[in-house]
Amino acid sequence: MSTTHIRDEAEALGHLGNAALTMMRSVFHEHMPRFPGLDDADDVDDLVNDFFEAKGAGYANAVTAVPDDGAARRLTSKWVEHWLVDQVRKRPWGALRNRLEKRLERSNLFATSALAHHWTLADGEDTDLLVGGDELRAIAASAPVEVAPALGDGPVRLGRTGQLEEMLLRVLTAAGRLHVSDLTDICAHRFPSLLETTDAFDATAEIDWDIIEETVPGHDGAATAVAKRHHEHRAAQLLPTLSARDRTVIRFFDDPRGLATELGVGRSSAYSLIAQLRTRLIETAGDAERGREVVAALIGLVLDDGAVVPSLDDMSMEGSNAN
Amino acid sequence: MPTESSERWFELARRAPIGPKRGGLLRSANPTDDVSVGQIRQAYWRESTAALLITGVDDSLARARAVPVALETGVEDTSTVVVEADASPLYGPIAFWPDAAAEIPFAVLDTLIASIPRQLLEIITEATHHGDAAEGLRRGHANPLLGSGAAMAIDELFDAFEVLQNAPGLTLSAAATPLAQLDVPLPLIVDTLHVPQARAMAIRIGKEPLTRDEALQLAAAANLAVDDILNAIAPLPVDLARELQEPRWRKPIRRRAVDGDEDGARTQLGYEAYQLAARETGQGQQHWRQRLEAIVAAEGR
């Protein structure tokens, strides 16, 4: 028989009580090992309080509206996971924002807007052009920026000479002016690996942006045949780095419904999985155009490779949130 | 002995009261609460759960038009309408996705969390057409980053909403009388199924459901086809089947459900009320409600 201690206690008190506190601490203890990005200094009890302060009455109402203590724990577990993911991401995000601001300051292409924390083009008008976030992200994705993978302990190299500036220039030309947070968002979308947990954080924090200016200019991309071979080569290099789940996403790249069925997840989750992999491949390939070519090459490779795709049963377990 | 952080937690708890700001605690499934427009209810089906805002009700079919809701602060995208804490009926902000409205069966609905006043409701459901219209109301700031906590929460919300839309609801049977009388002597039913005479009688007049196994046993003993046995069981009267879809019966149904089989538990509860009705007069949803109340009250909490 399922118990309802958390709700009973809250209904008697008018707010959450001991049963909820005990459950919340237990959920945090369960999740902490999965978030190595959090310092040892982060005391679980303090994190519980930070979480509760952030989620407030919304959490209190939600956790007492579900049918029993088991459901309350499951709901808490999801909310805690969402919150911890963001706590871990916040750190590299802040570092990315700082570095981005330095980069904007150093270039004579950009100027601070009359609006605090906003940036505009040095020779452009200081005004909002009301363009959607999706459009700006598409513009950023179409600008070529080579990302050199970190070698050993070295920093991530983001963009050859002027490439990042060219991307920001295109974005600000379309937008007029943008808050530095929005620019950081766009960069975070464009370079998702910068926001991956601990390792990427360290690499991002240590990025010496000068290194980017010192790297050699990119190839001119004149010969399509060479480019095509390049994509195939890149795809072949990428293939072994893809997880079994990534391969499944590639197989259903244009079929979110099929992917949802295959992985036993909902359609919204399937869309997100495809979008995440697409963004990662754009980052790796250099821009959206080359990302598409690499995806096309990868689809061919994965389909040819069908026989060695590991059992899908394992994956549907791993990826399921629908059971 | 409470530690410093526990004290702080209790301070936070006191600052985050449950229930609506006005009218005290409006929790759980009060028998008088019908499903109505403007309610925010917790909904669940199996493991999938979401808060929903009711924006329309089809009473005869026991279906509602509903909009997914997030009580989780910071979970929003550009298609969200956010009611800030000041304007919210709860002590916290609420996020709505009015463009995602879809139909769900009453059977997934549970606890009433809050009610949105009609005027605010109209602004929320129209907000996407008229832009920002009221104080304390705003559009979602931006789409969350891929892989962020908010993006995960929105995906989970919409996945759950999809499951809720496809959950089984009211199925109206053609007639409330059995297709055929069960032509099996009473003692045979008692002996075969090891049931008391009262239940055997109910089975004989078709007012008691049988499991597939019981139907098979009885068919073998009486030398009849299984379908003859199953055809003799009356479907529940329409008004009773309809009343059973109300969220007020969710708790007793859930309590009776074996392995989460709410459909089976709902049917079982329905037949108990149906048997009770054999000894009483009166029909219609109101009467069925009273009989169900009597059964639930008799079994205690």
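## Ground rules

Residues count from 1 along each chain as its sequence is written, and chains are lettered from A, with ligands numbered from 1, in the order in which they are written. Since this is a predicted model, local features need pLDDT of at least 70 and side-chain atom pairs count only at pLDDT 80 or more, while totals for chains, interfaces and linings use all residues.

## Where the chains meet

Start with the A–B contact: 50 residues of chain A touch 44 residues of chain B (two residues are in contact if their C-beta atoms, placed from the backbone, lie within 7 Å). On the chain A side, the elements that give two or more residues are helices H1 (5-13), H3 (44-65), H4 (69-106), H7 (180-190) and H13 (267-285). H3(A) supplies the largest share, 16 residues. Helices here are DSSP runs of H or I with at least four residues, strands are runs of E with at least two, and both are numbered from the N terminus.

By class, this side of chain A splits into 22 nonpolar, 18 polar and 10 charged residues. For the bookkeeping, Ala, Val, Leu, Ile, Met, Phe, Trp, Tyr, Cys and Pro count as nonpolar, Asp, Glu, Lys and Arg as charged, and the others, Gly among them, as polar.

## Chain B at a glance

Chain B has 11 helices and eight strands. Buried residues make up 42% of its 301 residues; buried means that 20 or more other C-beta atoms lie within 10 Å of a residue's own, exposed means 12 or fewer, and partly exposed is in between, with C-beta atoms placed from the backbone. Among chain B contacts with a separation of 6 or more, 66% link residues 24 or more positions apart.

The chain is divided into domain 1 (16-165) and domain 2 (186-298), with bounds that come from an automatic or database domain assignment. The two domain centres, taken over C-alpha atoms, are 36 Å apart. Their contact takes 12 residues from domain 1 of chain B and nine from domain 2 of chain B. On the domain 1 side, that works out as eight nonpolar, no polar and four charged residues.

## The nonpolar cores

The largest nonpolar core has 128 residues, and those touching the most other members are A:Val171, B:Ala51, B:Leu52, B:Leu53, B:Val69, B:Phe96 and B:Leu164. H4(A) gives the most to this core, with 12 residues. A core here is a set of buried Ala, Val, Leu, Ile, Met, Phe, Trp, Tyr and Cys residues joined through C-beta atoms within 7 Å.

Take B:Val69: leaving out residues up to four places away in sequence, it touches B:Ile40, B:Ala51, B:Leu52, B:Leu53, B:Ile94, B:Ala95 and B:Phe96.

S7(B), residues 109-115, is largely enclosed by the rest of the structure, because seven of its seven residues are buried. S1(B) is mostly covered too, with seven of its seven residues buried. One side of S1(B) carries B:Gln39, B:Arg41, B:Ala43 and B:Trp45, the other B:Ile40, B:Gln42 and B:Tyr44, and all are buried.

S1(B), residues 39-45, runs antiparallel to S7(B), and four bridges join them; strands pair if DSSP finds at least two bridges between them. B:Ala43 stands opposite B:Leu109, and B:Gln39 stands opposite B:Ser115. S1(B) also has six bridges to S2(B), residues 48-58, again antiparallel, with B:Gln42 partnered by B:Ala51. The S1(B)–S2(B) hairpin has two residues between the strands, and B:Arg46 takes a positive phi near 50 degrees there.

## A sheet and a helix in chain A

Chain A has an open, antiparallel sheet of three strands in the order S1-S2-S5. Its edge strands, S1 (110-112) and S5 (177-179), each pair on one side only. Three bridges join S2(A), residues 118-121, to S5(A), and the bridge partner of A:His118 is A:His179. H7(A) packs on the sheet, touching S2 and S5 of chain A, and its direction makes about 85 degrees with that of S5(A). Axes are lines fitted to C-alpha atoms, for helices over the stretch in contact, and angles run from 0 to 180 degrees between N-to-C directions.

Elsewhere in chain A, H11 (residues 244-251) is mostly covered, with six of its eight residues buried. Those buried in H11(A) are A:Asp246, A:Arg247, A:Thr248, A:Val249, A:Ile250 and A:Arg251.
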